[in-house]
Amino acid sequence: RLDSTDAQFVDVLHTDIDAFGFRAPMGHIDFYPNKGTDQPGCPKWLTGSSYFKCDHQRSVFLYLDTIDQKCSSLAFPCSSYEEFLDGKCMNCDQFGEAGCPVFGYDIIKWKEHLMNQSNTKYYFSTNEESPFCSMYSLFSRITRG
Ligand SMILES: [Ca+2]
């Protein structure tokens, strides 16, 4: 399987850890959008073949958004998605002026910071469709307490 020795820098996107994906972090940075389990807008029940592949394939579309520069999702290091949703993981002081890592194509800009850490999960939430980035839902959750 993939691990952090496979390349000079390995960024991993987990979108279906409850079905076909790997649960454990395995790169220099591991992203878990929407907890990494089930993606918004994907079928929740067995309705056809899309049920089996939708969460998994979402990884491609999330990444495409970042190449197209439609919008970018900040990712936050956290011990769990629940704590992230509670607003307990907003601190990215460890990255200095760079701030929290931005998921996707530009993550290489955080390489120097990320080479020294491992097994850290980074969380963000997304919309159901492109543009997937969703700062609104994050801030609304925080301000609702
Ligand atoms: Ca799933």
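Cys 42 and Cys 54 are both buried, where buried means under 20% relative accessible area, exposed over 50% and partly exposed in between (1.4 Å probe, protein chains only). This is a predicted model in which local features need pLDDT of at least 70 and side-chain atom pairs count only at pLDDT 80 or more, while totals for chains, interfaces and linings use all residues. Residues are numbered from 1 along each chain as its sequence is written, and side-chain values use heavy atoms, with hydrogens and water left out.

The two cysteines are joined by a disulfide with an S to S distance of 2.0 Å, a disulfide being a pair of cysteine sulfur atoms within 2.5 Å. The link of Cys 42 and Cys 54 is left-handed, with -75° about the S-S bond. It connects distant parts of the chain: Cys 42 lies in the loop between strand 2 (29-33) and helix 1 (50-67), and Cys 54 lies in helix 1, 12 residues apart. Helices (H or I, at least four residues) and strands (E, at least two) are DSSP runs, numbered from the N terminus.

## Further disulfides and the pairing pattern

A search of the whole structure finds four disulfides. Among them, Cys 71 is joined to Cys 133 with an S to S distance of 1.6 Å, and this link is left-handed, with -125° about the S-S bond.

The link of Cys 92 and Cys 100 is right-handed, with 95° about the S-S bond. Cys 92 counts as buried because its relative accessibility is 7%, and Cys 100 counts as buried at 9%. With the bonded cysteines of the chain numbered in sequence order, the pairing is 1-2, 3-8, 4-5, 6-7.

## Calcium site

The protein donors of the calcium ion are Asp 16 (OD), Asp 18 (OD), Asp 18 (OD), Thr 37 (O), Asp 38 (OD) and Asp 55 (OD), lying 2.3 to 3.2 Å from the ion. Donors are N, O and S atoms within 2.8 Å of the metal (3.2 Å for Na, K and Ca); water is not among the atoms, so sites may look incomplete. The six donor atoms subtend angles of 43 to 165° around the calcium ion, which makes the arrangement irregular. Four donors count as tetrahedral if all angles lie between 85 and 135 degrees; four count as square planar and six as octahedral if opposite donors are over 155 degrees apart and all others between 65 and 115, and anything else is irregular.

In sequence, the donor residues follow the spacing D-x1-D-x18-T-D-x16-D. Asp 18, in the loop between strand 1 (11-13) and strand 2, and Asp 38, in the loop between strand 2 and helix 1, link distant parts of the chain, 20 residues apart. Asp 18 counts as partly exposed at 40% relative accessibility, and Asp 38 is partly exposed with a relative accessible area of 44%.

## Salt bridges

Two salt bridges are found in a search of the whole structure, each defined as a side-chain nitrogen of Lys or Arg within 4 Å of a carboxyl oxygen of Asp or Glu. Glu 82 forms a salt bridge with Lys 35, the closest N and O atoms being 2.9 Å apart. Glu 82 counts as partly exposed at 38% relative accessibility, and Lys 35 is partly exposed with a relative accessible area of 35%.

Lys 88 forms a salt bridge with Asp 86, with the closest N and O atoms 3.9 Å apart. Both Lys 88 and Asp 86 are exposed.
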